[in-house]
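Hello,

Here is the structure I said I would pass on. My notes on it follow below.

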Amino acid sequence: MSARATSPPHAAGPPVTRFAPSPSGELHLGNARTALFNQLLARQGAGRFLLRIEDTDSQRSSEAYTQALMADLCWLGIEWDAGPDREDERGPYRQSQRGPLYARHLEALERQGVVYPCFCTPLELSLARRAQLAAGKPPRYAGTCRELPAAERERRRQQGVPATLRFRVPPGERVEFADLVHGPQTFLSDDIGDFVVRRADGSAAFFFSNAVDDALMGVTQVLRGEDHLTNTPRQLLILAALGLRAPAYGHVALLLGADGAPLSKRHGASSVREYRERGYQPAALINHLFRLGHSSPLQGLLTLDEMTRAFDPAHLGRAPARFDEQQLNVWQKDVVHRLTPEAARAWLAPVLPPALDERAAAAFTSALLPNLLLPEDARPWVDIVFGGPPALEPAGEELVRQAGAGYFSAAAAAAARDGNDLPAIAGAVRAATGRKGADLYMPLRVALTGRAHGPELAPLLKAMPPGKARERLARFA
RNA sequence: GCUCCCUUCGUCUAGAGGCCCAGGACAUAGCCCUCUCAAGGCUGUAACACGGGUUCGAAUCCCGUAGGGAGCGCCA
């Protein structure tokens, strides 16, 4: 058994990293994190970060998803130096446009005889796989077409039998590489079946196009999901056959849902888009992702620049991390509380009454903001502040009853004189009843908002239309 | 089935043989502050999956077991 020498490590130069999503769905949280890590790695070394769209599967890929992917990346603050929307000499950055490049390298493999046409049909293959699995054997390509006589190959080709191109995996070799996060890895080529590098329709398959593009684009480091770990040897084999330099691969553990199962629809949301639509802030999401499977001594909210400085590939975790919404909410709350008045108003706009004037919107937003996690949370308060007199909670009715009519006539009189001014109203009630503390304020809160809990009363009152306080207090006078 | 990866408080993690009867953050509990809520301050509860080795000494090294995950696709 011989050990195949892997390509030498890249000379110390600026790193080139990439994010290579397939546009067959919304940007997944796990992929967003991968994109973030790769961007941080590139920026940290003053290198380049590329966006490559892996749309070789025309059936599943769509331009709409490509656009959505880029929009969500931008929303998160992730920006690439080259990509489908900013091409350079290493492009094109859509795999669907790189056919000629693939064809050239495929031909090179054919010349070397390390690939061969496979005429097995999808049905035959899936039957064979099932049989192998049933027999307790690894479902690997059986090698049916590997040693087909040249004449037979030619005959089938003439007949126009569709064929894929398979990579002839050399027997008895060890494929070794140093994983950026898992350390030294060794795989046996005998455990790897001959795999498809070109589909029957002539398009390049993932193992091939992905590896070749990384090499051709000068990518030096690839941080990707751990699901690619056991496939890495195949890509190394391809690159070695082509004499291309492989990037250093680092496999980050997958993201799990709060229950420890792989992140999926079942968990409510698994795409960036969904969180975005619910009103989560990009800074909250990015801060959460930054610490999933990665640790930093820095605490608190970090900007992208701070993350760039703090990012440490040595601190990428090997164990899968759970995407816990509770933790995300902590960041979200933090971000929301720091929103500028303008940003806060824009954030809340979807739930504000359409005809609201500037001043009222600003007052409402600043009054509510400290108590909000999502825009949705403000909805009931829109009615309370701008709608008719709110119904009282059962517990509140008792409070109001005990306060008595004198309490409220003093309050209503103050409101008639001074408007929606809590200090004035409370002062008048205090003078009239001698109440203080919770006894003084709670009946006011309940009469004014219908609820015993809520945002600070004084600013909330200021946000109400003129006359509201008097009207609501007078109900109980 | 075979191969590979993983396993420290509820969660994210620090920890690379003695600095660890395991540290931090968030969550949680109690107290303080306070018109309620939120924020803030203080205090507390809480973990090395299990079993064997190696060693004077193991969360850290080795071997097993259990549990979780991934790969073995004309999907990426």
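The model is predicted, and every value here is computed from it.

Next, the aromatic rings. A pair of such rings is described by how far apart the centres are and by the angle between the planes. The search of the whole structure gave 11 aromatic pairs, and two of these are set out here.

One pair is Tyr102 with Phe208: the ring centres are 6.1 Å apart and the planes stand at 75 degrees, which is over 60, so the pair is edge-to-face. It joins distant parts of the chain, since Tyr102 belongs to helix H3 (residues 99-112) and Phe208 to helix H6 (residues 206-216), 106 residues apart. Are these two residues buried or exposed? Tyr102 has 3% relative accessibility and therefore counts as buried. Phe208, at 0% relative accessibility, counts as buried too.

Another pair is Phe167 with Phe195. Here the centres lie 5.3 Å apart and the planes are at 15 degrees, so the pair is stacked. The cut-off behind that step is an angle under 30 degrees. This pair also links distant parts of the chain: Phe167 is in strand E5 (residues 164-167), Phe195 is in strand E8 (residues 195-198), and 28 residues separate them. Phe167 counts as buried, with a relative accessibility of 3%. Phe195 has 3% relative accessibility and counts as buried as well. Both residues are members of one aromatic cluster, which is formed by Phe167, Phe195, Phe206 and Phe207.

Finally, there are arginines placed over rings. Arg166 lies over the face of Tyr141, at 3.6 Å from the ring centre. Arg451 is over the face of Trp381, and its distance from the ring centre is 5.3 Å.

Regards

Technical notes:
Residues are numbered from 1 along each chain as its sequence is written. Chains are lettered from A and ligands numbered from 1 in the order in which they are written. This is a predicted model: local features need pLDDT of at least 70, side-chain atom pairs count only at pLDDT 80 or more; totals for chains, interfaces and linings use all residues. Side-chain values use heavy atoms; hydrogens and water are left out. Rings of Phe, Tyr and Trp (its six-membered ring) pair if their centres lie within 6.5 Å; planes under 30 degrees apart count as stacked, over 60 as edge-to-face and the rest as tilted. Helices (H or I, at least four residues) and strands (E, at least two) are DSSP runs, numbered from the N terminus. Buried means under 20% relative accessible area, exposed over 50%, partly exposed in between (1.4 Å probe, protein chains only). A charge sits over a ring if NZ of Lys or CZ of Arg is within 6 Å of the ring centre and within 35 degrees of the ring normal.
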